[in-house]
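Hi there,

Here is the structure I promised to send over. Have a look at it first, and then read on for my notes.

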Amino acid sequence: MPELTPEQINALLSIVLPPTAARAGWEFDVTELLEAKQVLRIHKPIHFRWTSPRRRNGTHYVAITPGFQLVHKITLNQNGHITDANATLWHEIAHAYQAERWAESTGRSIRHFYQEAYKPARGAHGASYQDNAYEIHARKMADANKHVMLLKERKQ
Ligand SMILES: [Zn+2]
């Protein structure tokens, strides 16, 4: 069995991908994904999985693994067109970025991001999800970055 380099081990710990390519014919571009993660200084691992078809196009949340490790969990709709899926992916990565920057500036754990930062940022009483300052920021970040493809067409 070949030895893994430290870089390869870090890469393995850094992202966990779904076991299959997307039904729509694309897959994650691991190199681009790791690069984006590094540039954005997202230090915690990101675990990706497919959403169930009836749910939203993507979600981000923070979870604790059975080994008590904090990880980002991002779900993505595997049935979407690659261009749309890539924009959604950038949006969810923006939430991972927000959680880590918030944790850095407050000294709190990223696991408290949604309760302590995201929920109070929803704006005036009755304001919609769309008005949340973190959603506005995530949409801007996705728009600014979606030309960078983190997904690629699957080779036949
Ligand atoms: Zn969002």
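One cut-off before anything else: I call a residue buried if 20 or more other C-beta atoms lie within 10 Å of its own, and exposed if 12 or fewer do. Please also keep in mind that this is a predicted model.

Arg 41 shows how that cut-off works. It has 10 other C-beta atoms within 10 Å, so Arg 41 counts as exposed. You will find Arg 41 in the loop between helix H2 (30-39) and S3. Its phi is near 55°, a positive value in a residue other than glycine. I point this out because most residues other than glycine have a negative phi.

Now the overall picture. The protein has 5 helices and 6 strands, and along the sequence they follow the pattern α-β-β-α-β-β-β-α-α-α-β. Of its 156 residues, 23% count as buried. Among contacts between residues at least 6 apart in sequence, 70% join residues at least 24 apart.

Among the elements, H3 has the highest mean pLDDT (98), while helix H1 (residues 6-14) has the lowest (71).

Next, the strands around S5. Strand S4 (residues 58-64) runs antiparallel to S5, and 7 bridges join the two. Within this pairing, Thr 59 stands opposite Thr 75 and His 60 stands opposite Ile 74. S5 also pairs with strand S3 (residues 46-50), this time in parallel, through 5 bridges. There, Arg 49 has Thr 75 as its bridge partner.

The hairpin of S4 and S5 has 5 residues between the strands. Phe 68 lies in that loop and has a positive phi of about 65° although it is not a glycine. Is Phe 68 buried or exposed? With 6 C-beta neighbours inside 10 Å, Phe 68 counts as exposed.

Then there is the largest nonpolar core, with 23 residues. The members that touch the most others are Leu 89, Ile 93, Ala 96, Ala 99 and Phe 113. Strand S5 (70-76), helix H3 (82-106) and helix H4 (113-118) each supply at least two residues of this core, and H3 gives the most, with 9. Leaving aside residues up to four places away in sequence, Phe 113 touches Val 62, Ala 99, Trp 102, Ala 103 and Tyr 118.

Finally, a check on H3 itself. At 1.5 Å a residue, its 25 residues should span 36 Å, and the end C-alpha atoms are 36 Å apart, which agrees. Just after H3, Gly 107 takes a positive phi of about 80°.

Best wishes

Technical notes. Residues are numbered from 1 along each chain as its sequence is written. This is a predicted model: local features need pLDDT of at least 70, side-chain atom pairs count only at pLDDT 80 or more; totals for chains, interfaces and linings use all residues. A nonpolar core is a set of buried Ala, Val, Leu, Ile, Met, Phe, Trp, Tyr and Cys residues joined through C-beta atoms within 7 Å. Helices (H or I, at least four residues) and strands (E, at least two) are DSSP runs, numbered from the N terminus. Two residues are in contact if their C-beta atoms, placed from the backbone, lie within 7 Å. pLDDT is the predictor's confidence in each residue, from 0 to 100. Two strands pair if DSSP finds at least two bridges between them. The expected span of a helix is 1.5 Å times one less than its number of residues.
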